[in-house]
Amino acid sequence: MLNDLRVSLRLLWKDRAFTATAALTLAICIGANAALFSVVRGVLLKPLALPDPDRVVMAGNAYPGAGVHEPIGSAVPDYFDRLRDITAFDAQALFRQDNRSVDQGGVAARVESITVTPSFFKVAGVPPQIGRTFTDQEGEVGHESVVVLSDGFWRSQFGGDRSAIGRELRIDGRPHTVVGVMPPGFRPTDEDKAMWTPMTFTAKQRSDEQRHSNNAVFIARLKPGATVQQAQAQIDTLNAANLDRFPQLKEVLINTGFHTMVARLQDRMVEDIRPILYLMWGGALFVLLIGCVNVANLVLVRSRVRLKELATRLALGAGTSRVARQLAVEHVLLTVGSAAMGIAIGFAALRGMDAISLQDLPRAHEIRLDAVVVAYLRLSVTDRCNTPRSRPPRLASCSVSSRQRR
């Protein structure tokens with residue numbers, strides 16, 4: 001085998017024009033697929049880092065007759081109606097993104113935070129790494145001066161000191177008690193936030209006057225066995241009942257086409273970008289196919305040129321199995337080297353996209369070129385090496401033809 005490797009390397013180096021052309025063609029095609037599959041997997045295919053992520057849903061109101069075709073949020077009265085009447089949900093919550101002023105060493109700094117109902121963490125299903133989350137009482141007016149920190153903010157503000165639990169943090173000029181720290185990577189809303197504070201409701205916010213204010217985001221966890229369709233049907237029934245309860249709004253809401261849209265959280269996050277990413281991935285696969293066919297044609301042309309050499313080796317006593325093994329090793333070396341170059345190109349392409357606008361994608365923090373991407377590339381290459389003989393040849397490392405063996 002070592003002798004086959006030495007001979008293969010010498011022959012590939014001797015025919016440098018062919019080697020460079022074939023390797024570069026495959027490397028570019030593989031690199032493009034590595035980069036785009038990394039994006040597609042991180043954004044679309046990889047499940048959310050939550051327990052049973054398919055059970056986490058979002059619901060929002062839409063008014064297509066008024067030009068609002070996509071869900072824009074929910075109102076506080078909607079939340080309490082659903083708590084009372086919807087049985088498909090195991091837990092329900094509201095949240096709202098805010099910018100808060102935090103005292104950092106005597107200097108006020110603006111940080112991104114989320115105001116949530118205490119049930120938010122039950123919907124997410126992820127416990128804190130230290131401390132606790134909010135109690136129901138802390139969701140009442142006058143008891144909301146507590147805060148849960150993200151892992152990154154805890155480390156930057158308190159140096160990762162576990163004694164931070166129970167200490168005070170001034171937020172918007174008011175002291176808040178730190179009650180918990182969430183684990184690293186806890187980003188259920190796909191936003192890197194520094195902290196979470198309780199959402200409270202006044203009597204006015206709960207009143208029917210606030211219906212359709214849609215100033216918060218509704219999120220829920222389905223009960224085991226419940227489906228999105230069941231939740232959608234129950235909310236539709238509730239909306240129809242509310243039209244009769246508030247006849248003064250009925251005509252306007254009917255004319256605007258008011259309805260509530262329920263969808264899985266992951267689907268809602270990526271609904272705008274999904275078609276574009278799948279189209280780009282399909283284009284990259286097509287380019288890989290073209291590249292493989294072109295390289296295979298180069299290999300066939302080169303094999304015809306080498307027929308005299310192969311015939312001479314056979315005449316001198318080399319067995320057909322020895323010649324076939326030599327050719328296979330040569331082509332495997334070419335493919336493996338191209339794949340290694342392709343992975344490097346894919347990594348560089350990801351870094352380049354990250355510098356431009358990759359972070360604008362949903363779940364961009366989960367995009368990486370890892371072992372799963374490498375395994376996908378290996379399967380993709382292997383599939384093209386083992387195609388039936390009736391199809392066009394696709395990869396340079398496919399087995400030699402019977403004519404070559406002779």
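**Entry 1: Thr227**

I began at threonine 227, which is partly exposed at a relative accessible area of 30%; I call a residue buried under 20%, exposed over 50% and partly exposed in between, using a 1.4 Å probe and protein chains only. I am working with a predicted model, where local features need pLDDT of at least 70, side-chain atom pairs count only at pLDDT 80 or more, and totals for chains, interfaces and linings use all residues. Numbering runs from 1 along each chain as its sequence is written, and side-chain values use heavy atoms, with hydrogens and water left out.

I placed threonine 227 in the loop between strand S9 (217-222) and H7. Helices (H or I, at least four residues) and strands (E, at least two) are DSSP runs, numbered from the N terminus. I found a polar atom of the threonine 227 side chain 3.1 Å from the backbone nitrogen of glutamine 230.

**Entry 2: H3 against H7**

Next I checked how H3 (residues 76-85) meets H7 (residues 228-245): their axes come within 11 Å and cross at roughly 120°. The axes are lines fitted to C-alpha atoms over the stretch in contact, and angles run from 0 to 180 degrees between N-to-C directions. On the H3 side I noted Asp81, Arg82, Arg84 and Asp85, which meet Ile235, Leu238, Asn242 and Arg245 in H7; contact means heavy atoms within 4.5 Å. By class, that contact has two nonpolar, one polar and five charged residues.

I then listed the buried residues of H3, which are Val76, Pro77, Asp78, Tyr79, Asp81 and Arg82. Their packing partners include strand S1 (56-62), strand S2 (89-104) and H7.

**Entry 3: Asn214**

Is asparagine 214 buried or exposed? I have it as buried, because its relative accessibility is 11%. Asparagine 214 sits in the loop between H6 and S9. Its side chain makes a polar contact (N or O atoms within 3.5 Å, one able to donate a hydrogen and the other to accept it; residues adjacent in sequence count only if both atoms are side-chain atoms) with the side chain of asparagine 61 at 2.8 Å. I also saw the asparagine 214 side chain reach the backbone oxygen of histidine 212 at 3.3 Å.

**Entry 4: S5**

Last, I looked at S5 (residues 146-149): Val146 and Val148 point one way, Val147 and Leu149 the other, and all are buried. S5 runs parallel to S7 (residues 174-181), joined by four bridges, and valine 147 stands opposite valine 178 in S7.

Note on methods. Nonpolar A, V, L, I, M, F, W, Y, C, P; charged D, E, K, R; others polar. Pairing = 2+ DSSP bridges.
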